[in-house]
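Subject: Handover of a protein structure

Dear colleague,

I am passing the structure below to you, together with a short account of what was found in it. Please read the account with the structure open beside it.

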Amino acid sequence: MLKKIIMIIIIFAMFCTTQVYAITGEGVLESEQATELVEMKESTKGKMDEYIEKYGSSAYGITAYILNGVRIYSIPFCFIGIAIGSIFQYVIGIRKLDLRDRGFAIIVSFVTILLICQVLPLIFAVIVNGWRG
């Protein structure tokens, strides 16, 4: 267990200490990055304004925007977790029963997280739009 923790720390340190150097020439790289950031900011602001207009309040619009992001990004995260749990349960758990139980618990927890993240925006929309008036 200690070896695994040390390996994770070493890999994390390697990723944190790497740097990328680029010759900008005439500032082309900097201007391209700046325009991409401005475009991303404007598109995000536009999407946020749509949610604010749809829900009629700044707080409700921002909450709906965040819940939509959680809904989208929870799918790959939970599928990776389910795959890891399946490996524990069906591959490693063939020989060790305690790891099979751990794999089953991981699968159940990630499926629960996936369901909550997928249903929560729907519940929010129904409550805010349906019962608020």
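The notes below begin with the whole protein and then turn to individual places in it.

Overall picture

Please bear in mind that this is a predicted model. The protein has 4 helices and 0 strands, and from the N terminus on its elements run α-α-α-α. Of its 133 residues, 18% count as buried. The protein exposes about 10,700 Å², of which carbon and sulfur atoms supply 70%. Among contacts with a separation of 6 or more, 52% are accounted for by residues 24 or more positions apart.

Phe15 counts as exposed because its relative accessibility is 63%, over the 50% cut-off. Together with Leu2, Ile6, Met7, Ile10 and Ile11, Phe15 makes a nonpolar surface patch of about 620 Å².

A search of the whole structure finds 1 salt bridge. The partners are Lys45 and Asp49, whose closest N and O atoms are 3.9 Å apart. This pair counts as a salt bridge because the distance of 3.9 Å falls within the 4 Å limit. Both residues lie in helix H2, which spans residues 28-55; they are 4 residues apart, about one turn of the helix. Lys45 counts as exposed, at 53% relative accessibility, whereas Asp49 is partly exposed, at 36%.

Helix H2 also holds Glu42. With a relative accessibility of 53%, Glu42 counts as exposed. On the surface, Glu42 gathers with Glu32, Glu36 and Glu39 in a patch of negative charge.

What does Gly61 touch, not counting residues up to four places away in sequence? Its partners are Tyr51, Ile52 and Tyr55. The C-alpha atoms of Gly61 and Glu50 are separated by 7.9 Å, and the two residues are 11 apart along the chain.

Thr63 lies in helix H3 as well. Thr63 is partly exposed, because its relative accessible area of 32% lies between the cut-offs of 20% and 50%. Thr63 and Tyr51 are 12 residues apart along the chain, and 8.9 Å separates their C-alpha atoms. Tyr51 is also one of the residues that Gly61 touches.

Gln89 has its place in helix H3, which runs over residues 58-91. Is Gln89 buried or exposed? Gln89 is buried, since its relative accessible area is 14%, under the 20% cut-off. Leaving aside neighbours within four places in sequence, Gln89 is in contact with Ile94, Leu99, Arg100, Gly103, Phe104 and Ile107.

Points to look at

- the salt bridge between Lys45 and Asp49;
- the patch of negative charge that includes Glu42;
- the nonpolar surface patch that includes Phe15;
- Gln89, which is buried, and its contacts, including Phe104 and Ile107.

With kind regards

How values were computed
Residues numbered from 1 in each chain as written. Predicted model: local features only at pLDDT ≥ 70, side-chain atom pairs only at ≥ 80, totals over all residues. Heavy atoms only, no water. Salt bridge = Lys/Arg side-chain N within 4 Å of Asp/Glu carboxyl O. Helix = DSSP H or I, 4+ residues; strand = E, 2+ residues; numbered from the N terminus. Buried < 20%, exposed > 50% of the residue type's maximum accessible area, 1.4 Å probe, protein only. Contact = heavy atoms within 4.5 Å. Areas by Shrake-Rupley, 256 points an atom, 1.4 Å probe, with all protein chains shown as cover. Patch = residues over 30% accessible without salt bridge, like charges linked within 9 Å, V, L, I, M, F, W, Y side chains within 5 Å. Lys, Arg positive; Asp, Glu negative; His and termini not counted. Charge placed at Lys NZ, Arg CZ, Asp CG, Glu CD.
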